Amino acid sequence: MLCIVTQMRSSVPSYLAFAGFGIFWGTWGAALPAIRAAASLSDAQLGTALIFVGLGALPAMALVGRVIDRFGARVAGMPLIALAVAGVIVASVARDFFSVCVAMLLVGATSGAADVAANALAGLAENRSGGRVITLAHAVFSSFVVVGSLGAGLLLAVAGQVLVVFAVAGALVAASGIGVLLLGDGPHGVVAGTERRGGLKSWSLLPFVAIGVVGAFGFAAENAHQSWSAIFLTDELAASPALAALAPATFATFAAVTRFTVGHSTRVPERALLGGGAIVAVVGTLALATAHDILIALAGLALAAVGTSVLFPTLLSRGVRDVAAERRGRASSAIGTTAYLGFLLGPVYVGALSGAFGLRGAMIGVAVLVAIFGVLAPFVGRPQRA
């Protein structure tokens, strides 16, 4: 009984971290049109500004793993608190194109750091418990994306001010960060010279980078669906704004349900999750690409969510399982930073294909990304044992 309680306690900080992370990004997605309006940006300017999220995220993601390895998992709460503040700053200063770009850099840096930190927390808890904590943590994230999105929409309707929305969301995100600081573990006992006595050297990070490259294909497909599904229903199926809003909500809901289901069961082998998830995602994406009815499109989107939702969490879980606690931050950072490139480029990829082949052709291109993931996934993973 004491062992079970200890395992549950070790998992709580990771769930708290992903809950706060999900609230922020759910709020962000719902409030982005209001930010665009407040800054009087065109669609092209907004698209350019969003690139700065990635420019801020990548260096932060590359560095935060070393900080966690040195000071312990509890410092993962600090990026969440910084992310909460960043959201309020964006809502406060977003008045023109330049100020939005600067604010996007801040959001990118804090969210990238929080992303790697949360995954490192989940990896540590999974190593201790033997369960699929990473998958469950990502399920918590998907669930709170829905909560954040719906809550932000309600606050915008009632208060009408984006600053109020980010203030409320920021309080919740900061509370999750404080919870991680209080409940997370301290330093792992790393002493000076660990790097020279068998720590991760630069060359030994390459297998983790390889995992991240494969994960990038799954991440790209996931974010492509999340970002473009409402536009697909609007442009291809003439859906009303209310119906179109069902698309990202459907994707996030089915992703959360799938992750909770898989996370609570260890009976399905990892290879089956990776291969089966890729197949289901390809079928769902092709169904969406060829749909001429909103219900069929939503059903295809639901299948795509079921398939893609297990891809990166399973790959990350397998990749960091045998890594020592004092090195897990850097391993998670190497995987997460590389995979995040796919998250950033997925929507851009769809936009480029859409210009050449239309949105339906772009969705077929997304199915190709998932197929590539399915082919490559069996060849990467468990680098520590290798």
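Student: What does M363 touch, not counting residues up to four places away in sequence?

Tutor: M363 touches H225, W228, F232, T285, L288, A289 and V350. Touching here is contact, meaning heavy atoms within 4.5 Å. Keep in mind that this is a predicted model, where local features need pLDDT of at least 70, side-chain atom pairs count only at pLDDT 80 or more, and totals for chains, interfaces and linings use all residues. Residues are numbered from 1 along each chain as its sequence is written, and side-chain values use heavy atoms, with hydrogens and water left out.

Student: Which residues have the most contacts inside the largest nonpolar core?

Tutor: They are F24, W25, W28, F166, L233, V350 and M363, in a core of 108 residues. Such a core is a set of buried Ala, Val, Leu, Ile, Met, Phe, Trp, Tyr and Cys residues joined through side-chain atoms within 4.5 Å.

Student: Why is the pair of W25 and W28 called edge-to-face?

Tutor: Rings of Phe, Tyr and Trp (its six-membered ring) pair if their centres lie within 6.5 Å; planes under 30 degrees apart count as stacked, over 60 as edge-to-face and the rest as tilted. The centres of W25 and W28 are 5.8 Å apart and their planes are at 75°, so this pair is edge-to-face.

Student: What makes Y340 and F343 a stacked pair?

Tutor: Their rings are 5.4 Å centre to centre, with 20° between the planes, and planes under 30 degrees apart count as stacked.

Student: Why is Y340 called buried, and why does F343 count as partly exposed?

Tutor: Buried means under 20% relative accessible area, exposed over 50%, and partly exposed in between (1.4 Å probe, protein chains only). Y340 has 5% relative accessibility, so Y340 is buried. F343 has 26%, so F343 is partly exposed.

Student: How do you know that T135 is buried?

Tutor: T135 has 2% relative accessibility, so T135 counts as buried. T135 touches R259, V262, G263 and P313, not counting residues up to four places away in sequence.

Student: Why are α3 and α6 called roughly antiparallel?

Tutor: The axes of helix α3 (residues 77–93) and helix α6 (residues 162–183) come within 7 Å and cross at roughly 170°. Angles under 35 degrees count as roughly parallel, over 145 as roughly antiparallel, 65 to 115 as roughly perpendicular and the rest as oblique. The two helices are therefore roughly antiparallel to each other.

Notes: Axes are lines fitted to C-alpha atoms, for helices over the stretch in contact, and angles run from 0 to 180 degrees between N-to-C directions. Helices (H or I, at least four residues) and strands (E, at least two) are DSSP runs, numbered from the N terminus.
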